[in-house]
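Subject: Structure handover

Hi,

Here is the structure I promised to pass on. Have a look at it first, then read on for what turned up.

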Amino acid sequence: MQLYNNLSAKERAELIEKAGKERLTISFYKYAKIGNTQIFRNHMFIAWDALDVLGRIYVAHEGINAQLSVPAENFEAFKNHLDTITFLENVRLNIAIEHDNFAFLKLKVKVRHKIVADGLNDNTFDVTNKGIHVNAEQFNDLIEDPDTVLVDMRNHYESEIGHFKNAITPDVDTFRESLDLIEEDLREHKENKKLVMYCTGGIRCEKASAYYRHKGFKNVFQLEGGIINYTRQVEAEGLENKFIGKNFVFDQRRSERISDDVIANCHQCGKPADTHTNCVNEACHLLFIQCDECKEKMDNCCSTHCQEIIKLPYEEQKALRKGQGNSNDIFKKGRADHLPYKKDLRNIFENQGNSTQ
């Protein structure tokens, strides 16, 4: 019985292209108590592999977090399968605004300690005592209220290319970093302000809202279904779209455009740009923002050093990668010291600071 992938990403891409069938990009999550996570994981893999589902799914004792793609013709069968699982019956499915048949190229169902790395001890507070869920219309009304504090629960590289107007966007690399930082910055507003939160699909706010209620915030709200669901609602109901720029997504698409605004800059030249790209040097693979001109000039590299490396014979490149662990640095998007535009900005700020002393 097959419980793991037996095709490479390249082989799968060729099959998808040959099939020529539309695929839907979907995400969903559900907090629920799962006893034997390994058995549940295997059950999901077998069922979804038969439906040609591809994606990245995390299973933990606290629930499931799934980002995947499924052939459009198999969507109903996929949904029917979810409905056979008690805690997933009628689960909200966030269907992407923009689809890409190659968003995912493997089916990965992994057992994890948690479905989102939040760094919290769930035994210390009531994780079910969540904030009030609001739809797009209610959200729009709330964020216009002067007594509201709007907080983006995503990481800096996500909010850099798109966020809601007037939102607080924490300068953090990970979700777990943001929790205590936000609590500290907003502690004086626990009693008198409405704390309104949002994230990509809602999962981070589920845990964060319960955590902040535990920390003493009296009025906590969260955007139901996150940015993905909000975008669909404003389009369907003709509401004002208060999100500017792109919504960052964790698949091959990297983002969905929500508005025409370009609010970020190329990390190399500083020109308006909001397209993330991976450095083609496999020993680096940094994900950063790069405009088309710099992409061509730099051969899709983040630095002249990487540009030199990719010109070396493959075996030499491979030897240079040996023993190098870069997974943590890859997600320091836009913070690499060698990115020219970012380095220039740091120098400016440092000089300004020196001139005022």
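A quick cut-off before anything else: a residue is called buried when its relative accessible area is under 20%, exposed when it is over 50%, and partly exposed in between. S255 has 12% relative accessibility, so it counts as buried. Please keep in mind that this is a predicted model.

S255 sits in strand 12, which covers residues 255–257. Leaving out residues up to four places away in sequence, S255 touches E98, I161, K246, N247, F248 and V249.

Now the overall picture. The chain has 13 helices and 14 strands. Of its 357 residues, 50% count as buried. Among contacts in the chain with a separation of 6 or more, 69% are between residues 24 or more positions apart.

On to the cores. The largest nonpolar core has 26 residues, and F28 and W48 have the most contacts inside it. The elements that give two or more residues to this core are strand 1, helix 2 (37–50), strand 2 (54–60), strand 3 (63–71), helix 3 (75–83) and strand 5 (107–111). Helix 2 gives the most, with five residues.

S27 is found in strand 1 and, at 16% relative accessibility, counts as buried. Apart from neighbours within four places in sequence, S27 is in contact with A66, Q67, R92, L93, N94 and I228. K108 belongs to strand 5 and is partly exposed, with a relative accessible area of 38%. K108 and R56 are 52 residues apart along the chain, yet their C-alpha atoms are separated by 4.9 Å. Setting aside neighbours within four places in sequence, K108 is in contact with N5, G55, R56 and I57.

Strand 1 (23–31) and helix 7 (203–214) are the elements that give two or more residues to the lining, and strand 1 gives the most, with four residues. What is the make-up of the lining by class? The lining has six nonpolar, four polar and 10 charged residues.

Next, the cysteines. How many disulfides does the structure hold? The structure holds zero disulfides. A disulfide needs the two sulfur atoms within 2.5 Å. The sulfur of C269 has its closest cysteine sulfur in C294, and at 3.7 Å that is too far for a bond. C269 is partly exposed, at 37% relative accessibility. C302 is in no disulfide either, with the nearest cysteine sulfur, that of C284, 3.6 Å away. C302 is buried, with a relative accessible area of 0%, and C284 also counts as buried, at 14%. C284 lies in the loop between strand 13 (276–278) and strand 14 (287–289). From C-alpha to C-alpha, C284 and C302 are 8.6 Å apart in space, and they are 18 residues apart in sequence.

Last, a couple of backbone angles to check. Most residues other than glycine have a negative phi. N90 is not a glycine, but has a positive phi of about 60°. N90 lies in the loop between helix 3 and strand 4 (94–95) and counts as exposed, at 59% relative accessibility. H285, likewise not a glycine, has a positive phi of about 60°. H285 is in the loop between strand 13 and strand 14 and is partly exposed, with a relative accessible area of 26%.

Cheers

Notes. Residues are numbered from 1 along each chain as its sequence is written. This is a predicted model: local features need pLDDT of at least 70, side-chain atom pairs count only at pLDDT 80 or more; totals for chains, interfaces and linings use all residues. Side-chain values use heavy atoms; hydrogens and water are left out. Ala, Val, Leu, Ile, Met, Phe, Trp, Tyr, Cys and Pro count as nonpolar, Asp, Glu, Lys and Arg as charged, and the others, Gly among them, as polar. Buried means under 20% relative accessible area, exposed over 50%, partly exposed in between (1.4 Å probe, protein chains only). Contact means heavy atoms within 4.5 Å. A nonpolar core is a set of buried Ala, Val, Leu, Ile, Met, Phe, Trp, Tyr and Cys residues joined through side-chain atoms within 4.5 Å.
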